[in-house]
Amino acid sequence: MITKKIKLDSTLIEFGKVFLQAGYKAYLVGGAVRDMLMKVPAHDWDVATNATPQDVIKLFKFVVPTGIEHGTVTVHYKGNEIEVTTFRTEAGYSDGRHPDSINYAATIEEDLARRDFTMNAIAASLEDGIITDPYGGQDDIKNKLIRTVGAAHERFMEDGLRPVRALRFASKLGFSIEKNTYSEIFKKEIQAKAASISIERFRDEFEKIMSSPKPSVGLKLLEESGLLDIFIPEFKICRGCIQSDYRAFHKFDVLDHLFYACDGAPADKLNVRLAALFHDIGKPAAKKILHETVLDGEKNDGSKKEIETITFYNHEAFGEKITQKLMTRLKFSNDMISNVCHLVKEHMFHYESNWSEAAVRRFIIRVKPEYMEDLYDLRLADMYGMYNEKVDVRYSESVKLLLELKARVEKELSKKTALSLKSLAVNGRDLMQLGIPAGKELGRILNELLECVIEDPAMNNKEMLIETAKKIFYNK
């Protein structure tokens with residue numbers, strides 16, 4: 001059913017009255033209208049008006065000229081940041097992003113004509129909530145269809161980010177892309193236009209795909225359309241990299257496994273989803289196929305058969321280096337790069353119930369306490385990605401072991417055991433007073449003392465450590 005009117009938030013109604021009383025028109029536009037029509041909470045409000053930026057500055061007390069050259073200002077109103085843009089038309093996009101010329105328009109219909117997709121080209125009057133929908137956006141929302149406003153080729157050539165946005169919306173909303181709109185993305189000139197956008201703009205859309213309910217949907221569209229090869233070519237070698245041998249550990253090749261692992265990672269943890277996507281990216285570089293002749297257990301006649309074993313030894317080290325390089329190129333923050341690379345490096349831990357308490361403590365020291373929960377989440381995502389389904393905890397030995405490890409780690413952390421040089425009962429100054437010179441020897445002895453405490457936490461006593469340090473130094 002086509003909606004003719006939507007109910008607006010009381011703050012938006014008050015905001016609109018400021019324009020109306022000054023003789024201007026104002027409309028809620030873009031994603032907020034789309035979300036309201038889909039019965040989804042709208043978080044960001046964008047308003048289009050026939051008032052100029054200078055007019056808007058006069059109407060409100062707190063206005064920031066965030067994009068005044070494009071007719072946009074941001075109004076701070078009752079705890080909200082509302083982006084307000086003057087009705088406009090655009091012409092020419094020689095840089096593939098910004099229009100070469102902007103002209104103010106007289107009507108909301110003219111303004112909507114410049115927008116990317118029909119579902120985003122719907123406006124609601126702030127006066128009465130009445131809908132303006134000149135391109136059938138409501139029908140497309142109802143049919144879960146992404147379609148460009150006007151000719152797809154034209155829209156995509158205006159801004160190289162729009163093809164990526166189409167895939168992001170498909171992933172985020174669970175919509176399909178209209179056939180003619182999707183086919184345009186494959187064209188050489190559209191691919192070239194997409195390749196010309198800044199890496200930061202791609203990264204922002206990529207992050208939104210990664211926060212989708214099922215990132216694998218958007219990732220597969222990126223791959224199928226060829227856009228993934230443009231921005232993250234490291235994945236190409238993962239397609240067709242077979243993992244499964246007679247042991248049947250994996251159902252999928254490396255790339256599908258990575259895509260599905262993302263689906264299994266928490267949606268609110270971007271770092272874990274990125275680590276899930278990259279954790280096995282080093283496998284193609286590490287892959288080896290071993291051939292071995294063994295007794296054929298099925299025949300019981302002494303005959304032999306050849307088996308093929310696929311190994312990926314040390315792939316986490318390869319993966320860490322590849323992840324560091326590609327995340328740096330995508331201009332993620334240093335903190336995010338460090339976080340994700342650490343998870344990729346540590347994801348191949350093999351816990352067994354016979355680990356000693358000291359082994360658990362060494363695991364904590366290596367992984368670091370602040371990464372523990374994320375590493376558990378990554379391990380569960382890895383398990384999910386093996387078969388593209390949630391692991392049944394009732395029958396999974398791997399999950400039981402993970403929960404056991406988690407409990408043992410929590411127990412060790414609760415003991416406040418010394419897990420770093422800083423938490424030792426002695427420091428470098430104490431050892432120098434014994435005559436141990438500063439430098440490598442001092443560092444070596446401190447590390448040996450830490451090893452003693454890891455093996456036996458009761459050793460973290462100043463007198464005992466001083467005596468131990470003397471023995472290490474004077475008996476060397």
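This is a predicted model: local features need pLDDT of at least 70, side-chain atom pairs count only at pLDDT 80 or more; totals for chains, interfaces and linings use all residues.

**Exercise 1. Determine how α14 and α19 are oriented to each other, and which residues form their contact.**

Solution. 
Step 1. Two packed helices are described by the angle between their axes and the distance between the axes.
Step 2. Helix α14 covers residues 270–278 and helix α19 covers residues 372–387; their axes come within 9 Å and cross at roughly 45 degrees.
Step 3. Angles under 35 degrees count as roughly parallel, and those from 65 to 115 degrees as roughly perpendicular. The two helices are therefore oblique to each other.
Step 4. The crossing of α14 past α19 is right-handed.
Step 5. From α14, the contact takes Asn271, Val272, Ala275 and Ala276, while α19 provides Asp374, Asp377, Leu378 and Ala381. Sorted by class, these are five nonpolar, one polar and two charged residues.

**Exercise 2. Determine how α19 and α20 are oriented to each other, and describe their contact by class.**

Solution. 
Step 1. The axes of α19 and α20 (residues 397–414) come within 11 Å, crossing at roughly 180 degrees.
Step 2. Angles over 145 degrees count as roughly antiparallel, so α19 is roughly antiparallel to α20.
Step 3. On the α19 side, Met372, Glu373, Tyr376, Arg379, Leu380 and Met383 take part; they meet Ser398, Val399, Leu402, Leu405, Lys406, Val409 and Glu410 of α20.
Step 4. By class, this contact of α19 with α20 has eight nonpolar, one polar and four charged residues.

**Exercise 3. Compare the span of α22 with the expected value, and identify its buried residues and what covers them.**

Solution. 
Step 1. Helix α22 runs over residues 440–455, which gives 16 residues.
Step 2. From first to last C-alpha the helix reaches 23 Å, close to the 22 Å expected at 1.5 Å a residue.
Step 3. The buried residues include Leu442, Ile445, Leu446, Leu449, Leu450, Val453 and Ile454.
Step 4. An α-helix has 3.6 residues a turn, so residues three or four places apart point the same way.
Step 5. Among the elements that cover the buried residues of α22 are α18 (357–367), α21 (428–432) and α23 (462–474).

**Exercise 4. Describe the phi angle and the accessibility of Lys144 and Lys331.**

Solution. 
Step 1. Most residues other than glycine have a negative phi.
Step 2. Lys144, in the loop between α5 (137–142) and β10 (145–146), has a positive phi of about 55 degrees although it is not a glycine. Lys144 is partly exposed, with a relative accessible area of 48%.
Step 3. Lys331 is placed in the loop between α16 (315–329) and α17 (334–346). Its phi is positive, about 60 degrees, and Lys331 is partly exposed at 46% relative accessible area.

Conventions
Residues are numbered from 1 along each chain as its sequence is written. Side-chain values use heavy atoms; hydrogens and water are left out. Helices (H or I, at least four residues) and strands (E, at least two) are DSSP runs, numbered from the N terminus. The expected span of a helix is 1.5 Å times one less than its number of residues. Buried means under 20% relative accessible area, exposed over 50%, partly exposed in between (1.4 Å probe, protein chains only). Contact means heavy atoms within 4.5 Å. Axes are lines fitted to C-alpha atoms, for helices over the stretch in contact, and angles run from 0 to 180 degrees between N-to-C directions. A crossing is left-handed if the near helix is turned anticlockwise from the far one by less than a right angle, and right-handed if clockwise. Ala, Val, Leu, Ile, Met, Phe, Trp, Tyr, Cys and Pro count as nonpolar, Asp, Glu, Lys and Arg as charged, and the others, Gly among them, as polar.
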